[in-house]
Amino acid sequence: MPLVKKFLSIVMMLSDIEADWIKYTRISFRAVAFLVPPMLGACTLGPTVTPEHISLPDRFQTYAGTGVNRPKDAGIQSLNRWWQAFSDPVLNGLIEQALGHNYDLQSAAQNVLLARAVRDETASAWWPQIDAGMSGGDVRLSKVIDNHMPRVFAQPRRIDVSTLSYSLQARWQIDLFGRIRRRVEQKEHGIDLMLEDRHAVTLTVLSELARAYVRLRGAQRRLAIVERYVGIVRHQAERTRRLYEQGVGTTLQTAQVQADLDLHTARIAVLRNEIARLHHAINILTGAMPGTMRPDLMRASATPKTPDLPRELPSRVVARRPDIRAAQQAYQVALAGVGASVADLYPDFTIPPTFDPSASSLYQLFDAQASSWSFMLRAAIPVMNGGALTAHVHAAQAQAEASRRVYHQSVLNGLREVQDLIVARQNHDRHLRLLHHATGSSHRASEQSRRLYEAGLTDILSFLDAQRVAVSAEEQEVEGEIARAITAIDFFVAIGAGWDV
């Protein structure tokens with residue numbers, strides 16, 4: 001408690017320091033005023049960060065000759081909420097739930113906050129770093145050390161000493177060559193890089209959720225088709241068994257119908273397993289526990305309607321992609337690193353002022369004679385380091401050049417993905433038209449086969465073959481619709497739509 005009281009007394013008296021101490025420290029303020037102009041005129045070393053220019057074609061080549069005007073940027077922005085183009089309220093609700101509750105998105109947001117905190121920590125080096133301290137207590141000196149303490153006349157040496165002290169220590173680095181400025185610049189671009197990573201996570205989560213939902217609806221439709229066919233085969237298997245017992249049927253017909261029934265019944269278990277797995281995936285993506293039953297997903301529904309894609313699209317839309325934007329930010333981070341490495345070749349100036357009075361009594365602690373302080377300018381100049389600093393500069397330059405090449409490659413990859421999906425969409429349209437035509441033909445054939453079978457003009461195996469072809473065509477049409485919808489989802493992701501929701 002005595003030390004606490006002494007410390008509180010020191011704090012209360014700091015604002016009442018004697019005038020003679022101010023006289024001694026007046027020179028320090030003159031030194032600060034002398035050093036401020038060079039600090040304000042500090043230079044920044046290293047390459048200037050400028051956007052990298054890449055020449056792009058006006059449009060994707062597949063769109064040439066369509067006769068449709070190129071959409072404006074406002075039309076491209078309207079694709080941000082691309083999932084609404086599927087006209088499915090359940091999908092819209094799932095997307096909104098994922099945006100608010102997905103843990104990957106929340107983790108990516110925290111990474112952005114972390115990058116900002118690191119930037120603020122780096123920027124703090126621009127300001128003086130000041131620490132305050134105090135100490136007090138009793139010290140006992142040794143009696144057996146010669147000349148440990150000078151004698152005063154014939155008085156014996158005092159071996160018990162009381163000390164009190166308070167101190168202010170500071171360190172101020174002068175950013176004369178832009179070392180701190182370049183490091184802060186690095187962290188600023190690091191924040192942008194984390195933002196683009198968050199955008200990429202958003203695109204990934206939304207696209208994976210949309211794909212899982214489309215596949216779920218497709219699996220439910222396929223399950224309904226197979227269950228309907230199993231019902232037909234089960235009825236015919238029972239009929240064939242009765243005919244065999246009456247001596248009309250044959251063992252061949254009975255065995256083949258039963259095998260067909262067992263094979264398609266086994267497919268029901270596979271499809272139900274796929275539906276459960278897709279349910280669990282949707283639960284995870286929306287931040288719910290796996291196995292959570294959603295009534296709107298348990299009820300079978302039609303596959304979402306695939307929206308029409310833009311007939312023409314400028315190639316510059318690839319600049320919206322988070323991976324390309326992240327590659328650009330990584331290049332700028334590397335360029336700032338080159339500047340920081342170059343600044344390390346130059347002197348480092350710091351001002352380390354200290355103020356450390358000490359005395360044996362509280363009333364002496366604020367006397368001018370008790371003051372101990374220093375104010376100076378320190379310079380650290382690299383003289384000989386075996387080429388380590390130069391090697392750091394060369395390494396940073398190589399890293400920047402590698403990042404620039406990665407950026408160019410990411411642009412080419414983005415163009416390729418969009419181009420591939422445009423071609424895939426066109427082929428899916430033709431493929432789906434043929435499948436739809438095949439489904440209609442097979443249903444007409446199965447209906448005709450049923451009539452012939454009921455009239456006794458064909459056997460059970462021919463009837464089941466026609467039914468099997470119709471079921472297969474219907475399943476393939478559903479799978480074609482799923483593939484077409486997933487291609488549309490991939491297209492929206494490829495042009496970078498949807499991350500800025």
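I call a residue buried under 20% relative accessible area, exposed over 50% and partly exposed in between, with a 1.4 Å probe and protein chains only. The model is predicted, so I take local features only at pLDDT of at least 70 and side-chain atom pairs only at pLDDT 80 or more, while totals for chains, interfaces and linings use all residues. Residues are numbered from 1 along each chain as its sequence is written, and side-chain values use heavy atoms, without hydrogens or water.

**Helix 5**

I looked up helix 5, residues 103-123. Helices here are DSSP runs (H or I, at least four residues), numbered from the N terminus. On one side I found Y103, L114 and E121 exposed. The buried residues are L105, A108, A109, V112, A115, R119, T122 and A123. They cover an arc of only 135° around the axis, so they sit on the same side of helix 5. I took that arc from the directions from the helix axis to the C-beta atoms.

**Salt bridges**

I searched the whole structure and got 30 salt bridges. Each needs a side-chain nitrogen of Lys or Arg within 4 Å of a carboxyl oxygen of Asp or Glu.

I checked E188 with R119: the closest N and O atoms are 2.8 Å apart. E188 is in helix 6 and R119 in helix 5, so the pair ties together parts 69 residues apart in sequence. R119 is buried at 17%; E188 is partly exposed at 32%.

I then noted E481 with R221, at 2.6 Å, N to O. This pair links helix 11 to helix 6, 260 residues apart.

Note on methods
Helices (H or I, at least four residues) and strands (E, at least two) are DSSP runs, numbered from the N terminus. The expected span of a helix is 1.5 Å times one less than its number of residues.
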